[in-house]
Amino acid sequence: KGIGLGEGAAYQSWIKTSNFPSRGTCSNFVGIRIRRPFHFLSSKEATNFLLEERNPENLDIQEQVPIFDIQSTMRVCARFGVDHIYRGRFPSPFTIDFVLTRRRGSKKVALARSIKTPKDLLKPKTAERLNIEYQWCSEVDIDWAVVDTSEFTPELLSSLRFIRQWFVDRYEPNEAIAVRFADAFQHGFEFGTPLDELIRKTASRTRLKDGVSLFKYCAWANLIRVDLHRPISLDVWIILLP
């Protein structure tokens with residue numbers, strides 16, 4: 001049925017949030033550059049996706065990617081004394097949380113990334129399965145790593161959702177206008193002033209409409225560097241990064 005296959009907008013996640021209707025940490029996003037539904041089983045996965053979606057180096061982002069080379073994963077499992085995943089009587093694929101595609105010179109390279117909390121990494125079963133992922137990726141020459149999620153806080157996820165709202169609201173960005181707004185916003189920035197007042201003053205000085213959407217897009221595109229580890233809302237003040 002094409003599940004777990006394809007690239008870009010044609011890719012279908014091997015595991016979908018609909019498989020876990022009662023799991024409160026599941027979430028879905030429609031991609032900005034890759035227009036398809038994305039499925040995440042935890043807030044950590046959702047946070048990683050939003051961070052990677054902002055990274056212009058990523059040509060493609062795939063989540064819940066199955067390793068269909070089951071003969072190889074069964075062989076690796078046997079070598080390390082690990083029970084292979086089964087669904088009923090049949091072996092089931094291991095899945096990699098994220099596979100990122102980036103360009104390196106004239107080539108495209110794949111980066112496999114696993115999303116686990118520090119607490120999860122201490123669990124023997126989790127460590128065993130991660131080792132199978134690592135060993136298989138090493139055999140096929142794919143860079144594999146565990147993402148450091150120690151700073152993936154609820155505040156960071158909330159802030160990323162807030163600045164991404166420009167896309168949800170169907171705002172159509174114009175780069176020249178965005179740069180103009182960002183320059184004016186940073187030039188007139190006053191520490192301790194609520195965000196909605198800063199936006200209103202900037203929109204007035206530049207005579208631009210849709211100030212809130214402009215700010216959100218500029219923050220998303222890193223034209224305005226905002227500290228995302230603090231909660232962001234219109235009625236509080238923000239911190240700009242150098």
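Which residue, with a positive phi, follows H4? The residue is Asp 141, and its phi is near 65 degrees. The model examined here is predicted; local features need pLDDT of at least 70, side-chain atom pairs count only at pLDDT 80 or more, and totals for chains, interfaces and linings use all residues. Residues are numbered from 1 along each chain as its sequence is written, and side-chain values use heavy atoms, with hydrogens and water left out.

The protein contains 9 helices and 8 strands; helices (H or I, at least four residues) and strands (E, at least two) are DSSP runs numbered from the N terminus. The C-alpha trace spans about 65 × 35 × 35 Å along its principal axes. Of the 242 residues, 45% count as buried, where buried means under 20% relative accessible area, exposed over 50%, and partly exposed in between (1.4 Å probe, protein chains only). Among contacts with a separation of 6 or more, 63% are accounted for by residues 24 or more positions apart; a contact means heavy atoms within 4.5 Å. The protein exposes about 13,300 Å², of which carbon and sulfur atoms supply 53%. These areas come from the Shrake-Rupley method with a 1.4 Å probe, and for residues only the protein chains shown count as cover.

Charged side chains number 35 positive and 29 negative, and the centres of the two sets lie 3 Å apart. In this count Lys and Arg are positive and Asp and Glu negative, while His and the chain ends are not counted. The place of a charge is taken as NZ of Lys, CZ of Arg, CG of Asp or CD of Glu.

Helix H4 covers residues 124-139. Its 16 residues should span 22 Å at 1.5 Å a residue, and the end C-alpha atoms are 23 Å apart, which agrees. The expected span of a helix is 1.5 Å times one less than its number of residues. The buried residues of H4 are Thr 126, Leu 130, Ile 132, Glu 133, Gln 135, Trp 136 and Cys 137. Their cover includes helix H2 (70-80), strand S6 (95-104), strand S7 (107-115), helix H3 (118-121) and strand S8 (143-147).

Within H4, Thr 126 counts as buried because its relative accessibility is 17%. Leaving aside neighbours within four places in sequence, Thr 126 is in contact with Lys 116 and Asp 120. Phe 98 lies 28 residues from Thr 126 along the chain, and the C-alpha atoms of the two are separated by 16 Å.

Helix H8 (195-206) has 12 residues and reaches 16 Å from its first C-alpha to its last, close to the 16 Å expected at 1.5 Å a residue. Its buried residues are Leu 195, Leu 198, Ile 199, Thr 202, Ala 203 and Thr 206. Seen down the axis of H8, these buried residues fall within an arc of 130 degrees, so they line one face of the helix; the arc is that of the directions from the helix axis to the C-beta atoms. On the face turned away from the buried side, H8 carries the exposed residues Arg 200 and Ser 204. The buried residues of H8 pack against helix H5 (154-163), helix H7 (175-187) and H9.

Thr 202, a residue of H8, counts as buried because its relative accessibility is 1%. With neighbours within four places in sequence set aside, the contacts of Thr 202 are Phe 181, Ala 184 and Phe 185.

Arg 207 follows H8 and has a positive phi near 55 degrees. Asp 210, in the loop between H8 and helix H9 (211-220), has a positive phi of about 55 degrees although it is not a glycine. In the segment after H9, Asn 222 has a positive phi near 65 degrees, again in a residue other than glycine. Asn 222 counts as partly exposed because its relative accessibility is 41%.

The segment after H9 also holds Trp 237, which is partly exposed, with a relative accessible area of 32%. Apart from neighbours within four places in sequence, Trp 237 is in contact with Phe 191, Gly 192, Thr 193, Pro 194, Leu 195 and Arg 230. Leu 195 is also one of the buried residues of H8. Trp 237 and Arg 54 are 183 residues apart in sequence, and their C-alpha atoms are 23 Å apart in space.
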